[in-house]
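Let's take a look at how some side chains pair up in this protein. Keep the sequence and the 3D view open while you read.

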Amino acid sequence: MNRAPSGKSLSRRNLLTTLAAVPAVALLAACSDSGEQAKAADVKPANPSTPDKPAATPAAAQVPEAQGTVDMAQLLKPGALPEKQLGKDDAKVTIVEYASMTCPHCAHFAMTTFPELKTKYIDTGKARYILREFPFDPSAEAGFMLARCSKDNYFAMVDVLFKQQPSWVGVNNTKEALLQISKLAGFTQESFESCLTDQKLLDDVRAVQKRGADEFKVDSTPTFFINGKTYKGAMSIEEMSAIIDPLL
């Protein structure tokens with residue numbers, strides 16, 4: 001398996017420096033692990049849903065085909081970082097998403113599908129949702145680190161970063177763009193830099209990604225595991241419902 005181009009040799013001291021000049025081309029591989037020569041046109045979900053395609057109507061929605069299976073007991077074993085979860089532990093359906101903060105398809109899912117998924121299944125106790133970090137580049141690593149440093153506001157910070165993605169991904173100075181967003185979320189210059197120079201946190205975020213790649217064969221984002229079955233790509237709420245409803 002190819003490894004994600006996530007700058008594993010970066011130290012804590014030069015991560016901030018790197019963010020100040022992340023090239024726009026880094027976005028091209030944000031959703032794929034296909035190598036440095038990946039083209040934007042090749043970065044597509046592994047299912048029919050794409051940001052440019054209208055959502056299917058409930059009557060037309062078909063159950064997406066799973067790309068594999070995993071052992072749920074292994075999947076749910078504790079990792080390098082505490083799980084970030086929404087929903088009840090005893091829900092009949094467990095959804096684990098591996099995402100990258102710089103992936104446009106992940107942002108599309110977060111903005112168009114997740115709100116209804118949360119209302120329809122998570123808030124009603126039917127499903128629990130776990131988000132795991134799978135950054136492909138230093139910018140994505142920084143985004144997840146800031147979310148982790150937000151403590152109880154993890155999901156709120158993730159939501160803001162996905163919604164504001166065009167303002168900080170692929171820009172000339174990602175560090176400054178992230179700083180401005182972080183200040184609105186309550187960070188100071190000092191807490192921002194302290195978060196992004198936390199070597200243990202950076203190592204742990206990378207460990208979550210490595211485990212996803214090595215143990216569960218995650219190689220693109222978003223990747224979902226729903227009660228042990230693997231689905232790749234930014235699915236619509238109709239497609240998610242077609243998978244979840246028979247499990248309830």
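## Cysteines

Start with C106: its sulfur sits 3.2 Å from the closest cysteine sulfur, in C103, and that is too far for a bond. A disulfide here is a pair of cysteine sulfur atoms within 2.5 Å. C106 is also buried, at 1% relative accessibility (buried means under 20% relative accessible area, exposed over 50%, partly exposed in between, using a 1.4 Å probe and protein chains only).

So which cysteines does a disulfide join? C149 and C195 do it, with 2.2 Å from S to S. C149 is in helix 5 and C195 in helix 9, 46 residues apart (helices are DSSP runs of H or I, at least four residues, and strands are runs of E, at least two, numbered from the N terminus). The torsion about their S-S bond is about 95 degrees, so the disulfide is right-handed. C195 is buried at 3%, whereas C149 is partly exposed at 25%.

## Where the model comes from

This is a predicted model: local features need pLDDT of at least 70, side-chain atom pairs count only at pLDDT 80 or more, and totals for chains, interfaces and linings use all residues. Residues are numbered from 1 along each chain as its sequence is written, and side-chain values use heavy atoms, with hydrogens and water left out.

## Salt bridges

The whole structure has 10 salt bridges (a side-chain nitrogen of Lys or Arg within 4 Å of a carboxyl oxygen of Asp or Glu). One of them pairs E83 with R132, with the closest N and O atoms 2.5 Å apart. E83 is partly exposed at 32%, but R132 is buried at 3%.
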